[in-house]
Every structure is written in C-alpha cells, then in structure tokens.
Amino acid sequence: MNRIKTLTLAVAATALAASSLTAQARDFRLGLITPPQHMWSTEAEAFAETLHERSGGEHSVSVFPAQQLGNEAQMVQQLQTGALDMAFLTIAEISNRIPDFGALYAPYLVDGVDHAARLLRSDTAAELLELMPAEVGLVGVGYGMVGMRQVLSRDPIVSMDDMRGQRLRITPFEPIRDFYTATGAAPAPLPLLEVYDALANGQVDAIDMDFDSILILKFYEQADNLLISNHMMFPMVGVVSGRVWRELSAEDRELIETTMAEHLENVLSGFQEMDAAQEEEIRALDLNIVEADAEFFSEAIAEWESTWAEKAPMLEALREEAERLRQ
Ligand code: BEZ
C-alpha cells in the first residue's frame with residue numbers, strides 16, 4: 001500500500017474513533033518556561049480560565065510556568081508521550097527538530113514587532129505549523145511571540161570587531177548559534193531563568209535578549225551596554241500533544257483550538273502594544289546605547305544565509321511573504 005493510501009486510512013480511522021468519543025471532563029496540564037509574571041504565563045492562565053468557562057466547568061487547565069516540568073526539550077518529550085497535554089514553546093526547540101522553522105530566525109527577515117506579527121498571522125507561517133504533527137507528533141495551534149532580539153553586554157559593542165570572543169548567552173537552538181558564531185562571538189546556550197546569575201557571576205559577557213525580558217528580569221542591573229539591533233524576531237507556538245489530540249472529541253478539539261488561538265493572538269497583539277513603551281523605558285535607564293542594522297552584521301548574515309537557505313527550504317517562501325507584508 002502506498003504512503004498516501006496508508007495515511008488516508010489512518011486519518012479516516014482516527015476521525016471515526018474521534019467522532020465516537022463523547023466529551024470527557026479533563027484536567028489538562030500546560031507547561032512553559034517563562035516566569036509567572038511574563039505575558040506568556042499570564043495569557044496561559046487566561047486561556048485556562050476561558051476554557052474552563054466555555055466548557056461549562058467541565059475542563060480545567062493547570063499551568064506550570066518557570067520550567068517546573070523541565071526545559072523545552074524535556075517538555076517536547078513529555079508531549080510526545082502524552083505525559084504533558086499542552087505547552088507554549090519557543091520556536092527554538094521546534095527548530096532544533098524541524099529545521100524549516102529555523103527560517104523564522106533569518107536575520108532582519110522582519111523590520112520590527114508589527115511586521116513580525118503580520119508574518120506570524122500569514123498563511124505561509126501557518127504552513128509551517130502543518131509540519132508539526134508528522135515531524136514531532138505535536139499539533140501547532142498558532143503563534144505568539146516576544147519582542148525583537150537585542151544584545152545587552154558588560155563591555156560596549158560598537159562594531160562587529162567587538163563581538164569577537166564575547167561569551168554571549170543564547171537560547172539553546174541552532175539558527176541563533178550559527179548567527180553568533182558567524183559574528184565571531186562564542187555562543188553560550190543558557191535557559192532564560194539562568195541568565196541573571198550567569199551575567200552576575202561573569203559566566204557570560206553578553207546576552208541575546210528582548211526588551212521585555214531585560215525589564216522584567218532586571219538584566220540591566222548586571223550589564224550596562226545595549227546594542228539595539230532588532231536582528232531577529234522570537235516567535236512562540238501553542239501546542240497540544242498529538243496523542244492527547246487523538247483522544248479528544250471533535251467538539252473538544254474545536255473548543256481548545258479556537259480558545260488557545262484567541263489567547264495566542266492576545267500575546268501577539270500584547271507585544272505589539274508594549275514594544276514602543278518598553279523601548280522608551282529602556283532608553284530612560286542608565287545604559288550606553290548603540291544602534292545596529294543589517295549593515296552592521298552583513299558578513300555574519302551572509303554566512304548564516306549560506307547555511308540556512310539549504311537547511312530551511314521554507315526560507316524563500318517566508319521571505320517573499322515578509323516582503324509582501326512590509327509597510
Ligand atoms: C529567551 O530564551 O531568551 C526567552 C525565552 C522565552 C521568552 C523570552 C525570552
């Protein structure tokens with residue numbers, strides 16, 4: 001039997017099984033790495049509340065922020081086995097498993113948070129989500145994000161020469177590692193919640209970070225040079241375990257999908273709304289600020305493109321979509 005026929009039969013069997021499922025009360029578990037005060041965590045709590053209400057009190061969601069269930073690699077494993085039901089994940093971990101997602105981290109793919117949000121709402125970005133069930137066993141419901149990436153450092157960075165040899169904290173994933181390696185820095189993968197101490201004790205010289213995290217986690221207390229580069233966007237994806245999804249009735253799937261999508265949209269629009277005020281707040285701190293653009297990183301960008309154009313074939317379509325959405 002060819003692969004298409006096998007898949008068609010499998011989908012039909014799953015649909016039949018699902019249609020015979022009656023709604024069952026569930027207490028879902030949703031994991032994420034951000035601290036409780038972060039918008040991803042507060043919106044996850046809001047999603048839990050809405051789902052509880054809309055299911056007439058039948059379903060509840062317990063939210064586990066701050067990496068309580070492990071790091072994202074561990075959470076993805078739990079989602080794959082069905083030990084965890086849902087998560088809000090950075091695309092970082094997903095791009096380690098599905099390289100096409102690395103295209104979302106193309107340097108200067110977007111101009112800022114508004115452009116990033118438009119791209120993440122596009123059909124082209126939605127096509128990437130369709131890869132998830134087959135490739136990682138997760139259902140990708142939709143995107144959220146944080147603000148654009150910047151570089152906060154202990155010593156000033158005013159040119160690419162200053163990047164050389166910097167022990168620079170990155171979120172653990174390949175596209176960003178390749179970008180900073182190409183700048184001459186020494187990327188040091190560290191989870192978000194370990195960054196403050198690593199800066200404080202000199203384990204790293206600089207960090208790749210967004211305005212919001214710099215403010216809420218007070219990283220500016222430990223480093224006073226900021227390169228406002230806006231070099232990458234930083235998407236998030238709301239997911240449901242494929243195993244859990246298969247056990248749900250069509251009605252519950254619809255309810256979870258629409259409710260989660262609404263709260264992910266709140267994250268996108270929330271970061272759009274906060275960005276300008278956060279930049280203003282950061283500019284008012286006692287930091288030495290330098291601005292950088294694609295020209296500043298031109299050699300590193302060329303090197304990144306030579307690797308990732310091949311690794312992530314979706315890059316071309318995404319770039320075309322980003323061009324269409326540029327204003
Ligand atoms: C980070 O790893 O830098 C990060 C992760 C989630 C939200 C914000 C930042």
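Reader: Which residue stands opposite Val139 in E10?

Author: The general idea is that strands of a sheet pair through backbone hydrogen bonds, either parallel or antiparallel. In this model, which is predicted, Val139 stands opposite Val240 in E10. Eight bridges join E4 to E10, and these two strands run antiparallel.

Reader: What is the bridge partner of Met86 in E10, and how many bridges join E3 to E10?

Author: Met86 has Val240 as its bridge partner in E10, while Phe88 is partnered by Gly238. Five bridges join strand E3, residues 86–90, to strand E10, residues 234–241, and here too the strands run antiparallel.

Reader: What order do the strands of the open sheet have, and which are the edge strands?

Author: The open sheet has five strands in the order E2-E1-E3-E10-E4, with mixed pairing. Its edge strands are E2 (60–64) and E4 (138–146), each of which pairs on one side only. From one strand to the next, the twist averages 20°.

Reader: Which helices pack on the sheet, and which strands do they touch?

Author: Helix H3, residues 72–81, packs on the sheet and touches E1 (27–31), E3, E4 and E10, its direction making about 145° with that of E3. Helix H12, residues 250–283, also packs on the sheet, touching E1, E3, E4 and E10, and its direction makes about 20° with that of E4.

Reader: How many of the residues of E10 are buried, and which of them point one way or the other?

Author: E10 is mostly covered, with eight of its eight residues buried. Phe234, Met236, Gly238 and Val240 point one way from the strand, whereas Pro235, Val237, Val239 and Ser241 point the other way, and all are buried.

Reader: Let us turn to a loop residue. Is Asp85 buried or exposed, and where is it found?

Author: The cut-off to keep in mind is that buried means under 20% relative accessible area. Asp85 is found in the loop between H3 and E3, and it counts as buried because its relative accessible area is 8%. Leaving aside residues up to four places away in sequence, Asp85 touches Arg26, Asp27, Phe28, Arg29, Leu79, Val239, Val240, Ser241 and Val244. The C-alpha atoms of Asp85 and Arg243 are separated by 8.5 Å, although the two residues lie 158 residues apart along the chain.

Reader: How should I read helix H8: why is it largely enclosed by the rest of the structure?

Author: Helix H8, residues 174–183, is largely enclosed by the rest of the structure because seven of its 10 residues are buried. The buried residues are Pro175, Ile176, Asp178, Phe179, Tyr180, Ala182 and Thr183. They pack against helices H4 (91–97) and H13 (298–311), and against strands E5 (149–153), E6 (167–170), E7 (186–189) and E8 (206–210). H8 is followed by Gly184, whose phi is positive, near 100°.

Reader: At what angle do H8 and H13 pack, and which residues make the contact?

Author: The general idea is that angles over 145 degrees count as roughly antiparallel. H8 and H13 pack at an angle of about 150°, with their axes 8 Å apart, and are therefore roughly antiparallel to each other. The crossing of the two helices is right-handed. From H8, the contact is made by Glu174, Pro175, Asp178, Phe179, Ala182 and Thr183, and from H13 by Ala300, Ile301, Glu303, Trp304, Thr307, Trp308 and Lys311. By class, this contact has seven nonpolar, two polar and four charged residues.

Definitions and conventions
Residues are numbered from 1 along each chain as its sequence is written. This is a predicted model: local features need pLDDT of at least 70, side-chain atom pairs count only at pLDDT 80 or more; totals for chains, interfaces and linings use all residues. Side-chain values use heavy atoms; hydrogens and water are left out. Buried means under 20% relative accessible area, exposed over 50%, partly exposed in between (1.4 Å probe, protein chains only). Helices (H or I, at least four residues) and strands (E, at least two) are DSSP runs, numbered from the N terminus. Contact means heavy atoms within 4.5 Å. Axes are lines fitted to C-alpha atoms, for helices over the stretch in contact, and angles run from 0 to 180 degrees between N-to-C directions. Angles under 35 degrees count as roughly parallel, over 145 as roughly antiparallel, 65 to 115 as roughly perpendicular and the rest as oblique. A crossing is left-handed if the near helix is turned anticlockwise from the far one by less than a right angle, and right-handed if clockwise. Ala, Val, Leu, Ile, Met, Phe, Trp, Tyr, Cys and Pro count as nonpolar, Asp, Glu, Lys and Arg as charged, and the others, Gly among them, as polar. Two strands pair if DSSP finds at least two bridges between them.
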